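Hello,

Here is the structure I promised to pass on. My notes follow below it.

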Amino acid sequence: MAAFRPTKPKWQEDTTTKTCFICDAIFTMFLRRHHCRSCGRICCDSCSGGRAALAYYGYSSPQRVCDVCMKGFDLRDEDTSEVGASAELANDRLLRHWIRMATEPALRRDLQHRARCGVPNAIRGVLWATLSGASDVMMKNTGLYNLLKSQEIDEGILHSIQSDVGRTFPSHPLFVDGGTGQSKLYNVLRAYTNFKQYVQNMSYIVAVLLLYLDEEMSFWVFAQLMKHYHLQPLFEHAVPDCIRNYGVHLKVVMPDMHRHFDQHGLSIEIFAAQWLRTLFAQQFDLALVVRLWDMMFVDGFSFIYKIPIAIMKLYKQEVMEMSGTDLIFSLKALPQQIQSSDYDELILEVLRLQSFDVPELDSDSESMSTS
């Protein structure tokens, strides 16, 4: 495994919360707030009594960590006196810590809390593959990916794939014209065409996976997203039932915004469909996209489904002040207006929303084991 030194988590701003993120206790002059050195979140004294050696973050002594992070550490393996731990060993410990949370039901709540802060870049791909079940599926279908990408496909579909590859993240270093990313993206899309069916815009989802995973694993994670995360029907129907229901949800959550849209002949479904079909990758900053995906891999499609409503709620004041063509342009530009300082709040806004009744999205069953 390649050595790396993870980046220290960005500390949550003191002004963003008045309560401990674990127990919800209100901070006072006597109940102080503390930052967990492992995840960066703000917690109280009672919920941050643990100390852990975080050598992979460059600390030379044991540091304060919250109870959520502390519970996930394998303390039997963690030598708090081992200041000079190698980057490779630190990598392994960090990965095992997250894999434990991902695979042990008793630690599921801890995983959800940690995922809110974002998964470390260095282990993000491995965790996505684990949570989606793609690692197991790939082992059960050894050699299938190479077979699929070598099979012939229709010339019309081939041309469509080549066109989409050329316009997917063209300014990103990995996907510049003629780059290695383009050939990998082409291979995965070609294989998926023979596996299921390629539809325009799938390229953006696969491209994000390729930023964190190798070619074959990207294929299997994508296949799992399509089937087990209920994304395939988004590409099979012009307007899936779940998209049609957004107007109803908006009316329940923010009836005044629903009326505002009606008065201007607009529908949230138009924007929600564009965002969902690429899992937000085409329109939104990639730093935000991967944070949203972290939560999707933990909580499933229901988290992704609520994001458009959460965005409207978070930027309600700005949207309500617009009218006419200004409103249309404002909504189109909204994805790029979301600042990094708002990422945590957006995720919390999604979690605050009541669960929506998402229509059952059935996909055809596969002829091979993919579960």
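**Notes on the model**

H228 is found in helix α10, residues 215-228. Helices here are DSSP runs of H or I with at least four residues, strands are runs of E with at least two, and both are numbered from the N terminus. H228 is partly exposed, because its relative accessible area is 34%. The cut-offs: buried is under 20%, exposed is over 50%, and partly exposed lies in between, with a 1.4 Å probe and protein chains only. S132 lies 96 residues from H228 along the chain, yet the C-alpha atoms of the two are separated by 8.0 Å.

A word on sources. This is a predicted model, where local features need pLDDT of at least 70, side-chain atom pairs count only at pLDDT 80 or more, and totals for chains, interfaces and linings use all residues. Residues are numbered from 1 along each chain as its sequence is written, and side-chain values use heavy atoms, leaving out hydrogens and water.

**The chain as a whole**

The protein chain has 20 helices and four strands. Of its 371 residues, 51% are buried. Take the contacts (heavy atoms within 4.5 Å) between residues at least 6 apart in sequence: 69% of them join residues at least 24 apart.

**Two helix pairs**

Two packed helices are described by the angle between their axes and the distance between the axes. Axes are lines fitted to C-alpha atoms, for helices over the stretch in contact, and angles run from 0 to 180 degrees between N-to-C directions.

Start with α17 (residues 301-314) and α20 (residues 343-352). Their axes come within 8 Å and cross at roughly 115°. The two are therefore roughly perpendicular; that label covers 65 to 115 degrees, with under 35 roughly parallel, over 145 roughly antiparallel and the rest oblique. On the α17 side, the contact includes F303, I307 and L314. On the α20 side, L346, I347 and V350 are among the residues involved. The contact residues divide into nine nonpolar, no polar and four charged. Nonpolar means Ala, Val, Leu, Ile, Met, Phe, Trp, Tyr, Cys and Pro; charged means Asp, Glu, Lys and Arg; the others, Gly among them, are polar.

Next, α8 (residues 180-195) and α9 (residues 202-210). Here the axes come within 10 Å and cross at roughly 125°. α8 and α9 are therefore oblique to each other. G181, K184, L185, V188, L189 and Y192 of α8 meet M202, S203, V206, A207 and L210 of α9. That contact has eight nonpolar residues, two polar and one charged.

Best wishes
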